[in-house]
Amino acid sequence: IPYRTIDSFNIPDLQFFSADSARDAMESRAMDQLAEEVTRQVIMALRRPGCLIEFGALERPGSEFKWQGRSHDFIAFDEGAQLDEGKVCFVMGWRRSTTPGQRCRVVIAVFPPIGAQGEWLITWFAPWLDPAFPDPAKPGELRWRCMRADGSIAWMDGPGMHAIDGTPLLAISCTFIPARLADNRYLLDTK
């Protein structure tokens, strides 16, 4: 817009920056609402009697709280190295089932961490990933661990309840299964 046009309407130069900023904020809110609506529609499309598959994201501060109190017998995280450890722990807290004998599981799909954000995975899977770990594990081998209140991990000899620092904690099983591009025939030719 030529300066004379702006001046003829008595609109200060900086008002356009303000309007652009407000428009950006409005578009951002609209995109968030649209994303939530698409997610709701997908959830409804994947609802079957006795079965519900939900998709979600943990990209924004506080987004983990959307999962609070909602039991899931299977939780899968993709791009685990891009996720915050606290958010993953919080969501994992709702891994449970009201069906007796139902196996509950969490899967974290991950590429090697490229920055500090994903380093927590090295600690979580130390028997497989940390060359200095005193008792290395083989790929796919089950190990049991307890998570202390401070977030540190105590590796145990087996499942069940264990007294850790005077606190009874339940050991959960975990394993690590490495993969290479060659292991995925669908991606092999997509270099």
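Buried means under 20% relative accessible area, exposed means over 50%, and partly exposed lies in between (1.4 Å probe, protein chains only). This is a predicted model, where local features need pLDDT of at least 70, side-chain atom pairs count only at pLDDT 80 or more, and totals for chains, interfaces and linings use all residues. Residues are numbered from 1 along each chain as its sequence is written, and side-chain values use heavy atoms, with hydrogens and water left out.

**Surface patch**

- L187 is partly exposed, at a relative accessible area of 42%.
- L187 sits in the segment after strand 8 (167-174). Strands (E, at least two residues) and helices (H or I, at least four) are DSSP runs, numbered from the N terminus.
- L181, Y186, L187 and L188 make a nonpolar surface patch of about 400 Å². Patch residues have over 30% relative accessible area and no salt bridge; nonpolar side chains (Val, Leu, Ile, Met, Phe, Trp, Tyr) are joined within 5 Å, like charges within 9 Å.
- Accessible areas come from the Shrake-Rupley method with a 1.4 Å probe; for residues, only the protein chains shown count as cover.

**Nonpolar cores**

- The largest nonpolar core holds 19 residues, and F77, V88, I108 and W124 have the most contacts inside it. Such a core is a set of buried Ala, Val, Leu, Ile, Met, Phe, Trp, Tyr and Cys residues joined through side-chain atoms within 4.5 Å.
- Strand 3 (74-77), helix 3 (85-92) and helix 4 (120-124) are the elements that give two or more residues to this largest core.
- A second, separate core has 7 residues, including W144, A154, M156 and L169.
- Beyond its neighbours within four places in sequence, W124 is in contact (heavy atoms within 4.5 Å) with residues including E85, M92, R145 and W155.

**Salt bridges**

- There are 3 salt bridges. Each needs a side-chain nitrogen of Lys or Arg within 4 Å of a carboxyl oxygen of Asp or Glu.
- R148 and D165 pair at 3.2 Å, N to O. R148 lies in the loop between strand 5 (143-147) and strand 6 (153-156), and D165 in the loop between strand 7 (160-164) and strand 8, so the pair ties together parts 17 residues apart in sequence.
- R148 is partly exposed at 26% relative accessibility, while D165 is exposed at 65%.
- Salt bridges with shared partners join D135, E141 and R143 into one network.
- In that network, the closest N and O atoms are 3.7 Å apart for R143 and D135, and 3.0 Å apart for E141 and R143.
- R143 is buried at 10%, whereas D135 is partly exposed at 46%.
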